[in-house]
Amino acid sequence: MPSLSSDDLPPFATASEERFALAVRGTNDGIWDWDIRSGEVFFSPRWKNMIGYDDEELPNTFATFEERLHPEDHERVMKTVKDYLDGPLDRYAVEFRFLHKDGSWRWVLARGRALRDAEGKPYRMAGSHTDITEQKVAEEQLRHARLAAEAANRAKSAFLANMSHEIRTPMNGIIGMSELLLNTSLDPKQHEYLLMLKNSAESLLSLLNDVLDFSKIEAGKMELDEQDFDLRHTIADTLLALSVRAMQKNLTIMHKVAEDVPVILLGDDGRLRQILINLVGNAIKFTDRGGIQVAVRIESRALDKTTLHFEIHDSGIGISHEVQSRIFDAFTQAESSTNRRFGGTGLGLAICRDLVELMQGRIWVESEPGKGSTFHFTAVFGEATHDSVDRPAASATGPLLGLAEKPMKVLVVEDGRVNQLVAAKLLEERGHCVEIASNGQEAVEMVRDDEFDAILMDVHMPQMNGFQATAAIRQIEDKHGGHVPIIAMTANALKGDREQCIAAGMDDYVSKPIHSAELLHAVERFMHGRAAAPPRLEIAGAAPQITKPKKRASTAFQAETFIAAAGGPEMARQLIAIYAEDSVKFLQDASTSLAAGNSIALYEAAHSLKGMLGVYTASRASETASHLCHLAQDGDLFGARALLEKLKKECARLGAALASLELPE
């Protein structure tokens, strides 16, 4: 240990202070001692050495300390000293940057105590300086790493949102048209092929939703949307949707809700459905014989909160004890081979775990290989203050068929005529009366002049978007009374979704691509001012037999696929008839936006065109429009100019090919 000379101590040091100085010397800190009344200051040799000086190079004055404070820290440090001596602070501890002899700045932690006289006035203050530069550098590196991680997470979220939009838009036409066609008369082979097409598209959408949900949770953007709901109706509804898959494997699904469980609860029934669909869907997937039982009981009650305990039991393959401890981790499968045999991303249970935690609950599993599994989870719900809400009883008799119970007058607000046709066809086949508005301004005028039972509102439209149109409609209602349900339609993801739409004054949300049952359920739940069971579309009558076109039109699009996706020659003929006008309109909008240097309007026009081209199975033109969307998002108007010319040529090729297509009568 280095020796301690008398020079290491202040001239007014006592024996106890000598012991303190010796202890501080051992910690490698510098000490200081300030006689406030006389102004004398002592800095130990170690104090000076910390900033690169020998003892004799620096005078023992207060100015030696003050002059070496970083200009940005000076005022803060001097105020801290004053506040401590005057009394507001009960301890002196402050971090600041201190000038080193080599011109660099060192981070220092200063700590000290004052001695006070009988009147409480300080007359002496002593303490230490600790060099914390390495700690500060590590903290700064950690901060930069965190910022970089957050930036990467935002970039990932933006990428996933864009990817979702890119995939969902053409899938709207694929799933929508296939559902329409499946409800027509088809021979067994056609029905089998079309069902495979629809199931493949829905599987892709399910995987996409899992990835997006997991990303939302990772980014901390997942929030619960709490509202009153009928628990028994929600469970019966969910299991009914899964019953077809169970029946295909000759499995039974049974459920029981304890009698003392409240009828109406306050919570996010959409996220509860998602948990049940994941857990019951897994049970169906991994069970070859027997069945699945779902049970719900009260775990505990406190004030206006009820904790429910859900059990999902199956007679399937079971889960080994080694895997049970990590089965709720992301990308984990029960066995390494299950992803090949049963499919899936391994995200479903991880999403369930995070959603259950959002509901202030926990999730676990009990299982033995070959003896089935029981998944348990708890969730906290509020109890509604009005249990007398008029709700339909949960039914297990099957989905609604045929025409709707009561025809509704529905306004479809959509700038793309392909989506107009799909939505209108679905609603009209259920017996509803449909009117079309091509933009938000037109919708507002129609609402001003007429009454509607519901409005399907596309969110992204030129001139006036869905949010602006909704705000204008709500202003009309504030002045004249009434409230028309507005249901948002959008392919966006990770941008607020349903929460943003509800906050904008809308009543519900349907994501694209739109499934017939989801669309009809969203509309018909407002039929009597209450929720209805999700209906199943049933279209009567036979469609004309689809025959091979008399001649191959062009490589500009896939003729046979286009006719099949359109549901037959009649719908294909309607789509061909509107192609020229719609494509010219969107191309003109893109040209005008580009000339004005408006990248946002250019993106909107290119996006609308891309969605339309996907329905016509024009892959080259659709890819070009997609590329133009990306350039518009990046603000690359120079690159967009050349690409727009290419897109015009592709659209012209497609127009000529459609015009030459010979369709059977």
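What follows is a set of questions and answers on this model.

Reader: Before we start, what kind of model is this, and which pLDDT do local features need?
Author: Residues are numbered from 1 along each chain as its sequence is written, and side-chain values use heavy atoms, with hydrogens and water left out. This is a predicted model in which totals for chains, interfaces and linings use all residues, side-chain atom pairs count only at pLDDT 80 or more, and local features need pLDDT of at least 70.

Reader: How many helices and strands are there in the protein?
Author: Both are DSSP runs numbered from the N terminus: helices are H or I with at least four residues, strands are E with at least two. Counted that way, the protein has 21 helices and 17 strands.

Reader: What percentage of the residues count as buried?
Author: Buried means under 20% relative accessible area, exposed over 50%, and partly exposed in between, using a 1.4 Å probe and protein chains only. Of the 665 residues of the protein, the buried share is 48%.

Reader: Is Thr130 buried or exposed, and which side chain does its own side chain make a polar contact with?
Author: Thr130 lies in strand S5 (residues 122-131), and its relative accessibility is 15%, so it counts as buried. A polar contact is a pair of N or O atoms within 3.5 Å; within protein, one must be able to donate a hydrogen and the other to accept it, and residues adjacent in sequence count only if both atoms are side-chain atoms. At 3.5 Å, the partner of the Thr130 side chain is the side chain of Arg111.

Reader: And which residues is Thr130 in contact with, leaving aside neighbours within four places in sequence?
Author: Contact means heavy atoms within 4.5 Å. With those neighbours left aside, the list for Thr130 is Asp29, Met50, Trp107, Val108, Leu109 and Arg111.

Reader: On to the rings: the structure holds 13 aromatic pairs, so why is the one between Phe65 and Phe98 tilted?
Author: Rings of Phe, Tyr and Trp (its six-membered ring) pair if their centres lie within 6.5 Å; planes under 30 degrees apart count as stacked, over 60 as edge-to-face and the rest as tilted. The rings of Phe65 and Phe98 have centres 5.8 Å apart and planes at 35°, so the pair is tilted.

Reader: What parts does that pair tie together, and how many residues apart are they in sequence?
Author: Phe65 is buried at 7% relative accessible area, and Phe98 is buried at 2%. Phe65 lies in helix H3 (residues 62-66) and Phe98 in strand S3 (residues 92-99), so the pair ties together parts whose separation in sequence is 33 residues.

Reader: What is the angle between the planes of Phe328 and Phe375?
Author: Phe328 is in the loop between helix H9 (321-324) and helix H10 (338-341), while Phe375 is in strand S12 (residues 373-383), 47 residues apart. Both are buried. Their aromatic pair is edge-to-face, 6.1 Å centre to centre, with an angle between the planes of 85°.

Reader: Which ring does the charged end of Arg362 sit over?
Author: A charge sits over a ring if NZ of Lys or CZ of Arg is within 6 Å of the ring centre and within 35 degrees of the ring normal. The charged end of Arg116 sits over Tyr84, 5.6 Å from the ring centre. For Arg362, at 3.9 Å from the centre, the ring is that of Trp364.

Reader: Where does Asn250 lie, and what is its phi near?
Author: Most residues other than glycine have a negative phi. Asn250 lies in the loop between helix H7 (231-248) and strand S7 (252-257), and is exposed, with 69% relative accessible area. Its phi is positive, near 60°.
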